[in-house]
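User: I want to learn how to read a few local features in a protein model. Could you take me through them one at a time?

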Amino acid sequence: MRQHKNYDIEGDIHYLNLLSQTFPNIAEAATEIINLSAILNLPKGTEHFLADIHGENEAFLHIIKNASGNIKRKVYELFNNTLRETELKELCTLIYYPEQKLEIVKAQETNITDWYHIVLHQLVRVLREVSSKYTRSKVTKSLPSEFSYILQELLYEHHAEAAKTTYVNVIIDTIITTGRADAFIIATSKVIQRLSIDQLHILGDVYDRGPGAHIIMDYLSQYHSWDIQWGNHDILWMGAGAGNFACICNVIRLSLRYANLVTLEEGYGINLMPLATYAMEHYSEDSCTAFVPILNSENQDRFDNKTLRLMTIMHKAISIMQFKAEAQLFLRNPLWNMQDRCLLKNIDYAKGIITLDGKEYELKDKLFPTVSPSNPLEFTEEETMLMEKLTHSFRVSEKLQRHIRTILSHGCMYAVYNDNLLFHASVPLNEDGSLKEVEIMPGQKYSGKQLLRKTGLLIRSAFQTDTPKDMRQYAIDYFLYLWCGKDSCLFDKSKMATFERYFISDKETHIEEKGYFFKLRNEESAVDRILDAFEVYGDNRHIINGHVPVHVAKGESPIKAGGRLMVIDGGFAEPYHKETGIAGYTLVYHSRGFELVQHEPFTSSNDAVMRGTDIKSTKQIVEISGRRMLVADTDRGKELIQQIEDLKELLYAYRHGYIKEKTEKSR
């Protein structure tokens, strides 16, 4: 006779009673065990990892829509022997951009009914392929309600049978004759996109550089399954949204530096008119040579000379205000040990020189019309009023505040998924590779996992109304330290040399020495020590992060420490393309292992729709598993195994009279 496991029924009786409300009898509990056991043996879902998107919304959205090239690969595998190259490209474009492509097709196609027939069958075949690794229940939940029944019929009927072939053709005919073909194509294409990526991981830096961070955040807000590990640029915008003066100045300065005001003005409705008025009053006679915006191929023809001139003087005006705002926080928070970065007080304004580390440097720009030599770190009365207006604009931006709440609800400083440790930038280390203790609040020193966890909690407290006032103010201040502090896990450099790059010619002063994490990240022992500290113990464990662009053009590899560490910042934003030689990475983790997808620059979504262009991507196999990984091998699998064990305990409780089964009438 089969031996039953000895369950502690009496100790678990409260939990089992709660569980019995969902599974009220033996039949339903047993059915769920069968379902969960079957799920454990499905192939692992595909995870996509992206980092340092930096506002490049068109490239980002295209990569998500084509699943880093995976949809194109499946289309070519299915139809390579039956469709011409142009037809394959047309089908891919239809899946990526169904609304836009339909308009073009309907304007050009002479027999739209025939086209509908062909395309509907093709889309169902692609959907059947991408849904094959999921349970019918999961696929059904992904289907739009208006077409759920029809799509299930098309996906799961055996079309080889003659009667079923007729049945399916009638369904397709009816979709067309009732005028629902366009809506069906759009819905099916979006389900294909959705099922091609099971989980999306964003390893920080949605913001800055590119024009569409707000568009990316709108898209992510509706995405089916994603998480984010906060990056330093995300933290900067979160700090601005919380009312940190220095963060607000930095956000505006970076937007002006890269001639990108779209996110600020159009995306979030930030009113920059007061800054423009202030800059024209005080800097109109200043050449501001070092503050001319950096233009790229996308915006170099967008601005006339007057607009560029206005942006230039605004750029200098907000930079000076930034240096003041930062200095005030450095002095208010001596724990940070950043008083040496109050550089405006090191200037001899009469001579136009600055003293750094005992050495004098001549300034490239000697005009400081809004700085009082006797009190250089204080705002003027006019600057104080301007800061209040700018802060109000950030605080009342409903969309910005909503996006910050989304970032808070979907992420933190780090995460562990399926034996992969994810964070944006760094885990501070000592010279010998040991974990460095960082004092984030007076008397509170942490390292490794605790450091990132406590930092995340501190950030959240800045947005919680029940946080004590002084604690909340410190949390708001701390956004600046995370942005530029020496031991910040989002910076980890000796200094941020913004002032030096603007005002000093000697490039020795521009050097930002990287912390020991970056110096030691190619050593397996250092990486293993971090993984141990975060309790990541799997046989194929990894760190995945971004932050520092990989210089592919110079031969640098994104795979470090013998495969233990993967750096996936390939430079989405155009300013990084010359530095990296590519235009971004996607790390794909599917049931066979890891693939690193390297992307070339993307033209535009309009070009993709009109000409069928796609991002050219090349794949590098990083790590292949000896066997196909199943759901049972994942974190989700561990949860399901525990659920099965709980249900078995419930079955035991039913069969031995600890809990009474419920019939339909007794519920």
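Analyst: Start with bends. The bend at a residue is the angle between two fitted axes, one for the seven residues ending there and one for the seven starting there. Helices (H or I, at least four residues) and strands (E, at least two) are DSSP runs, numbered from the N terminus. This model is predicted: local features need pLDDT of at least 70, side-chain atom pairs count only at pLDDT 80 or more, and totals for chains, interfaces and linings use all residues. Residues are numbered from 1 along each chain as its sequence is written, and side-chain values use heavy atoms, leaving out hydrogens and water.

User: Where does helix H1 bend?

Analyst: At tyrosine 15, by about 45 degrees; H1 covers residues 9-22.

User: Which residues of H1 are buried?

Analyst: Buried means under 20% relative accessible area, exposed over 50%, partly exposed in between (1.4 Å probe, protein chains only). In H1, Ile9, Leu16, Leu19 and Ser20 are buried. Their cover includes helix H27 (635-655).

User: Why is glutamate 574 called partly exposed?

Analyst: Because its relative accessible area is 24%. Glutamate 574 sits in the loop between strand S14 (565-567) and helix H25 (577-580).

User: Which residues of H4 and H7 meet?

Analyst: Contact means heavy atoms within 4.5 Å. From H4 come Lys74, Val75, Leu78 and Phe79; from H7, Gln122, Arg125, Val126, Glu129 and Val130. By class, the contact has five nonpolar residues (Ala, Val, Leu, Ile, Met, Phe, Trp, Tyr, Cys, Pro), three charged (Asp, Glu, Lys, Arg) and one polar (the others, Gly among them).
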